[in-house]
Amino acid sequence: MILSLVACDGSKPLIKREPKGPGPFPAADRPVASIVSARWSNEEARDRLNEAGEVMDKSHIRTGMTVADIGAGEGYYTIRLAARVGPDGRVLAEDIVAHVRDQLAERVARERLDNVSVRLGEPNDPKLPPTSFDRVLMVHMYHEIAQPYEFLWRLRPSLKPDGLVVIVDADRPTRDHGTPPPLLKCELAAVGYTQVAMDDMPSAGGYMATFRATGRRPEPTGIVPCRLNSPAPQK
């Protein structure tokens with residue numbers, strides 16, 4: 001009888017239950033490219049085309065900003081972002097492959113980039129601090145995200161009110177290491193991002209798209225996935 005009263009009188013239960021995480025999130029209706037290399041091309045060739053400079057210019061990245069480089073790999077963008085934002089800015093470089101992260105951390109230490117932090121992310125969660133970033137860059141890696149809706153949902157709180165997500169990719173199927181622009185726009189729109197600009201970016205081997213988070217972040221169960229053959233949310 002005493003146990004029954006404890007269970008019914010509004011007091012805390014004897015067994016502590018862990019709160020459920022958000023979800024479930026919808027699956028992406030498209031192939032996911034495998035991670036084949038941390039290197040897109042050699043840095044000298046990319047600099048000859050002014051790849052990073054053009055992307056940073058079009059992204060309006062300037063001194064004093066805080067920028068996240070997601071899928072940083074060997075650090076081509078990380079190093080150049082550090083120079084662009086200067087000592088008053090910050091760069092967080094992230095990768096999900098531990099040995100790649102470690103190699104980049106060694107490079108950052110060797111080049112004494114005091115405004116750069118390196119960390120290990122998770123495939124479905126960049127684990128970025130909230131309300132921290134002016135720009136979040138994802139260069140030639142979006143097509144490798146297996147759960148894009150969960151990833152983008154968890155990314156949203158990290159942006160400052162005027163922050164932008166900058167995605168560089170190739171206009172080809174995801175299985176061929178690219179993302180068709182209509183599909184990219186649809187997947188981000190499903191999580192509450194509005195496309196700000198879309199620019200051809202031959203120097204980076206494709207295009208550059210920028211997005212801003214607008215409105216309220218949807219509930220995970222309310223996210224309507226895009227369909228591969230009809231890239232628009234299904235009502």
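This briefing walks through the main features of the structure shown above. The model is predicted. The protein has 7 helices and 7 strands, and 45% of its 235 residues count as buried.

**The overall picture**

- Among contacts in the protein with a separation of 6 or more, 74% are between residues 24 or more positions apart.
- The protein exposes about 12,400 Å², and carbon and sulfur atoms supply 52% of that area.

**Two aromatic pairs**

- A search of the whole structure finds 2 aromatic pairs.
- One of them joins phenylalanine 25 and tryptophan 153, whose ring centres are 5.4 Å apart; their planes stand at 70°, over the 60 degrees needed, so the pair is edge-to-face.
- This pair links distant parts of the chain, with its two residues 128 residues apart. Phenylalanine 25 sits in the loop between helix H1 (2-8) and helix H2 (43-48), while tryptophan 153 belongs to helix H6 (residues 148-155).
- Both phenylalanine 25 and tryptophan 153 are buried.
- Another pair is formed by tyrosine 76 and tyrosine 77, with ring centres 5.2 Å apart and planes at 85°, so this pair is edge-to-face.
- Tyrosine 76 has 4% relative accessibility and therefore counts as buried. Tyrosine 77 is also buried, at 4% relative accessibility.

**Charges over rings**

**Helix H4 and alanine 82**

- How many of the 10 residues of H4 are buried? The count is 8, so H4 is largely enclosed by the rest of the structure.
- The buried residues of H4 are Tyr76, Tyr77, Thr78, Ile79, Arg80, Leu81, Ala82 and Val85.
- Alanine 82 lies in this helix, which spans residues 76-85. Its relative accessibility is 5%, so alanine 82 counts as buried.
- Leaving aside neighbours within four places in sequence, alanine 82 is in contact with Val91, Leu113, Asn115 and Val116.
- Alanine 82 and valine 67 are 15 residues apart along the chain, and their C-alpha atoms are separated by 8.9 Å.
- Glycine 86 follows H4 and has a positive phi, near 75°.

**Strands S2 and S3**

- Strand S2 (residues 90-95) and strand S3 (residues 116-120) pair in the parallel sense, over 5 bridges.
- Alanine 93 has valine 118 in S3 as its bridge partner.
- Together with helix H5 (residues 98-110), S2 and S3 make a right-handed β-α-β unit.

- In helix H3 (residues 51-58), the buried residues include Glu51, Ala52, Gly53, Val55 and Met56.
- What covers the buried residues of H3? The cover includes H2, H4, strand S4 (133-139), S5, strand S6 (193-201) and strand S7 (206-213).
- Just after H3, histidine 60 takes a positive phi of about 55°. Most residues other than glycine have a negative phi.
- Histidine 60 lies in the loop between H3 and strand S1 (66-70).
- Is histidine 60 buried or exposed? Histidine 60 counts as exposed because its relative accessibility is 54%, and the cut-off for exposed is over 50%.

**The loop between S5 and H7**

- Threonine 174 is found in the loop between strand S5 (159-169) and helix H7 (181-190).
- With a relative accessible area of 2%, threonine 174 is buried.
- Leaving aside neighbours within four places in sequence, threonine 174 is in contact with Arg30, Pro31, Ala33, His143, Thr179, Pro180 and Leu183.
- Histidine 177 lies in the loop between S5 and H7.
- Although histidine 177 is not a glycine, it has a positive phi of about 65°.
- Histidine 177 counts as partly exposed, at 21% relative accessibility.

Conventions: Residues are numbered from 1 along each chain as its sequence is written. This is a predicted model: local features need pLDDT of at least 70, side-chain atom pairs count only at pLDDT 80 or more; totals for chains, interfaces and linings use all residues. Side-chain values use heavy atoms; hydrogens and water are left out. Rings of Phe, Tyr and Trp (its six-membered ring) pair if their centres lie within 6.5 Å; planes under 30 degrees apart count as stacked, over 60 as edge-to-face and the rest as tilted. Helices (H or I, at least four residues) and strands (E, at least two) are DSSP runs, numbered from the N terminus. Buried means under 20% relative accessible area, exposed over 50%, partly exposed in between (1.4 Å probe, protein chains only). Contact means heavy atoms within 4.5 Å. Two strands pair if DSSP finds at least two bridges between them. A crossover is right-handed if, with the strands pointing away from the viewer, the path from the first strand over the helix to the second runs clockwise. Accessible areas come from the Shrake-Rupley method with a 1.4 Å probe; for residues, only the protein chains shown count as cover.
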